[in-house]
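Let's take a walk through some helix packing. Have the sequence and the model open side by side as you read.

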Amino acid sequence: MNKIEMKNLFLIFGTAKKQALRMLKSGKSKKEIHQRTKCTIAVNNVSLSIKEGEIFVVMGLSGSGKSSLLRCFNMLNVPTSGSISIDGEDITKMNKTKLLNLRRKKVGMVFQNFGLLPHKTIIDNVAFGLEIQNINLKERYEKAKEIINIVGLSGYENEYPYQLSGGMQQRVGIARAIATDSQILLMDEAFSALDPLIRSQMQDDLLDIQQKLKKTIIFITHDLDEALKLGNTIAIMKDGVIVQQGSPEDILMNPADDYVKAFIGNVDLSKIITASTIMEPFRARVQL
Ligand SMILES: Nc1ncnc2c1ncn2[C@@H]1O[C@H](COP(=O)(O)OP(=O)(O)OP(=O)(O)O)[C@@H](O)[C@H]1O
Ligand SMILES: [Mg+2]
């Protein structure tokens with residue numbers, strides 16, 4: 001069974017949702033629908049499957065619906081229609097209590113601007129998610145310390161966020177999201193604010209953490225190199241639609257249309273060519 005299964009998801013912002021959905025299904029464009037109904041089609045008939053332990057990357061131009069889609073995975077955005085199953089349970093049908101539990105225990109979120117509590121120390125920031133789960137103080141601190149160690153911030157437990165660099169603050173954000181043992185991490189351009197060296201380091205760290213903790217991660221980025229480095233699957237969005245999803249090789253070798261081609265326009269192919277594709281010509285040369 002897939003960890004996450006999304007089927008025919010639509011998300012429409014505005015009041016005349018039903019009228020907008022009808023127009024959409026009768027083939028009207030996003031622009032036309034917005035003009036007539038003032039509604040925005042943010043997610044348009046998206047279906048996808050995500051395996052446990054996978055890093056699923058979503059790319060697309062600004063306004064294509066990436067954040068809107070991501071916020072459906074913890075129901076911060078309530079879809080207009082369609083279903084989202086996590087471990088076989090449709091979260092669009094959950095009541096308030098179940099949803100609260102889902103957000104506290106199963107689906108963690110890492111924000112672009114860190115989202116730390118400025119007046120709490122690093123350890124209290126990391127332990128915060130455990131506090132709202134009513135875990136006792138001693139256990140909270142033990143767990144928080146362990147996670148702070150995993151993200152490489154040991155020694156900074158009692159500092160405050162303003163005393164840390166942007167990269168370090170981002171690690172605290174990640175630590176807080178994984179401290180609760182959430183199996184799924186939603187990351188919305190989590191590394192975009194970091195300078196290139198720290199960003200690359202954070203990507204390596206995320207891959208390390210993922211190796212150790214086997215999270216299922218949905219990661220949004222504008223950066224193709226980042227997508228190729230992290231993604232097991234890459235989905236490309238345009239106007240609320242996923243125009244292509246597949247392995248990085250798939251996307252690079254068989255781009256579905258010009259929009260996808262534009263995205264991969266100046267990719268460094270050497271980063272993606274797998275060992276087997278390299279070995280073939282090498283073997284051929286050796287035989288000569
Ligand atoms: N709360 C909201 N109310 C109304 N419209 C919204 C809301 N949030 C997003 N939208 C609209 O939905 C569409 C998709 O926006 P979204 O923020 O998901 O894009 P994005 O791909 O994340 O862009 P970016 O790369 O700039 O973050 C846009 O047309 C936007 O105006
Ligand atoms: Mg966004």
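What follows goes through two helix pairs and then one residue.

Keep in mind that this is a predicted model. Two packed helices are described by the angle between their axes and the distance between those axes, so that's how we'll go about it.

Start with α5, residues 122–131, and α7. Their axes come within 7 Å and cross at roughly 30 degrees. Angles under 35 degrees count as roughly parallel, so α5 runs roughly parallel to α7. The crossing is right-handed. On the α5 side you'll find I122, N125, V126 and L130, which meet V172, A175, R176 and A179 of α7. Sorted by class, that contact has six nonpolar residues, one polar and one charged.

Now look at how α7 (residues 166–179) packs with α8. Here the axes come within 11 Å, crossing at roughly 20 degrees, and these two helices are therefore roughly parallel as well. The crossing of α7 with α8 is right-handed. From α7 come G167, Q170, R171, I174 and I178, while α8 brings I198, Q201, M202, D205, I209 and L213. This contact of α7 with α8 splits into six nonpolar, three polar and two charged residues.

Stay on α8, which covers residues 196–213, and find Q203. Is Q203 buried or exposed? Its relative accessibility is 7%, and the cut-off for buried is under 20%, so Q203 counts as buried. Beyond its neighbours within four places in sequence, Q203 is in contact with F191, E226, K229 and L230. With K229 there's also a polar contact, 3.1 Å between the two side chains.

Methods. Residues numbered from 1 in each chain as written. Chains lettered and ligands numbered in written order. Predicted model: local features only at pLDDT ≥ 70, side-chain atom pairs only at ≥ 80, totals over all residues. Heavy atoms only, no water. Helix = DSSP H or I, 4+ residues; strand = E, 2+ residues; numbered from the N terminus. Buried < 20%, exposed > 50% of the residue type's maximum accessible area, 1.4 Å probe, protein only. Polar contact = N/O pair within 3.5 Å; in protein donor to acceptor, adjacent residues only side chain to side chain. Contact = heavy atoms within 4.5 Å. Axes fitted to C-alpha atoms, helices over the stretch in contact; angles between N-to-C directions. Parallel < 35°, antiparallel > 145°, perpendicular 65-115°, else oblique. Left-handed = near helix turned anticlockwise from the far one by under 90°. Nonpolar A, V, L, I, M, F, W, Y, C, P; charged D, E, K, R; others polar.
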